[in-house]
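Please consult the sequence and the model while reading the points below.

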Amino acid sequence: MYLKLVLLGLAALLGASEGRTDCYGSVNGIRTSGASCTTAKPEGLSYCGVRASETIAERDLKAMDQYKTIIKRVGEKLCVEPALIAGIISRESHAGKVLKNGWGDNGNGFGLMQVDKNFHKPEGTWNSETHITQGTNILITMIKTIQRKFPHWTKDQQLKGGISAYNAGSGNVRSYDRMDIGTTHNDYSNDVVARAQYYKKHGY
């Protein structure tokens, strides 16, 4: 009887953790300044900040929805918020809209999440679950590196640091307030977080 209760308890615990996506923190717990004007201007926007990030994310929503199922599956498999994966995909490739034969960044970045061929061997086809799994695992590696580097930061702060490091490497993250200096357009994590918060509101 006791063993049966233990097994039932274990099953309940496993059930509770299954499908979790918050192992590394949550984008809704992060304060963000959104897109810089350098990011917003090429998009034809006369404004910057969170509103600009949301506008860009909204423009990518229809293309993103094609991948919603696999994004959510990868998120649940790796315990990362699907909204964050979508935020990175929007920032990196506009959900694939700007890629040529699956490549961007002058032929260096592969797929929806723009895996850099100079540092990683791209896996899967450019818009596959395999590719999104690889990109998300690279993100997780960066988050864990930031966790070790800044053990006193909160979980959400470490998450933001990991997002910044996904773009410019963990060595570029030296302080919380200035982590985006040195990333593309000096706004990478702030823009991605704002876009991710938008996707979170839209079922990701």
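Does K97 count as buried, partly exposed or exposed? With a relative accessibility of 47%, K97 counts as partly exposed. The model under discussion is predicted. It contains ten salt bridges, and its largest pocket has a volume of about 780 Å³.

**Largest pocket**

- The lining of the largest pocket, whose volume is about 780 Å³, is made up of 31 residues.
- Nearest the centre of this pocket lie E92, D105, Q114, N167 and T184.
- Two or more lining residues come from each of the helices α5 (82-93), α6 (129-149), α7 (155-168) and α8 (188-201), and likewise from the strand β3 (115-116).
- Sorted by class, the lining of the largest pocket comprises 14 polar, eleven nonpolar and six charged residues.

**Second largest pocket**

- Five polar, five charged and four nonpolar residues form the lining of the second largest pocket.

**Salt bridge between K97 and D60**

- K97 and D60 form a salt bridge in which the closest N and O atoms are 2.9 Å apart.
- K97 belongs to the loop between α5 and β1 (103-104), whereas D60 is part of helix α3; the pair therefore ties together parts that are 37 residues apart in sequence.

**Salt bridge between R59 and E43**

- The side chains of R59 and E43 also meet in a salt bridge, at 4.0 Å from N to O.
- Because R59 lies in helix α3 (residues 49-65) and E43 in the loop between α2 (37-40) and α3, the pair ties together parts that are 16 residues apart in sequence.
- R59 is partly exposed, its relative accessible area being 42%.
- E43 is likewise partly exposed, with a relative accessible area of 22%.

- A salt bridge joins the side chains of D187 and R91, with an N to O distance of 2.8 Å.
- This pair links distant parts of the chain, for D187 is in the loop between α7 and α8 and R91 is in helix α5, 96 residues apart.
- D187 counts as buried at 2% relative accessibility, and R91 is buried with a relative accessible area of 14%.
- R91 and D187 are part of a network of salt bridges that also includes D191 and R195.

- S53 is located in helix α3.
- With a relative accessible area of 0%, S53 is buried.
- Which residues are in contact with S53, leaving aside its neighbours within four places in sequence? They are G34, A35, D191, A194 and R195.
- Two of these contacts, D191 and R195, are also members of the salt-bridge network with R91 and D187.

Notes
Residues are numbered from 1 along each chain as its sequence is written. This is a predicted model: local features need pLDDT of at least 70, side-chain atom pairs count only at pLDDT 80 or more; totals for chains, interfaces and linings use all residues. Side-chain values use heavy atoms; hydrogens and water are left out. On a 1 Å grid over the protein atoms alone, a cavity is a set of points where a 1.4 Å probe fits but cannot get out, and a pocket is an open set with protein on both sides within 12 Å along at least five of seven lines; lining residues have an atom within 4 Å of a point. Grid points are joined across faces, edges and corners, and a volume is the space filled by probe spheres set on the points. Helices (H or I, at least four residues) and strands (E, at least two) are DSSP runs, numbered from the N terminus. Ala, Val, Leu, Ile, Met, Phe, Trp, Tyr, Cys and Pro count as nonpolar, Asp, Glu, Lys and Arg as charged, and the others, Gly among them, as polar. Buried means under 20% relative accessible area, exposed over 50%, partly exposed in between (1.4 Å probe, protein chains only). Contact means heavy atoms within 4.5 Å.
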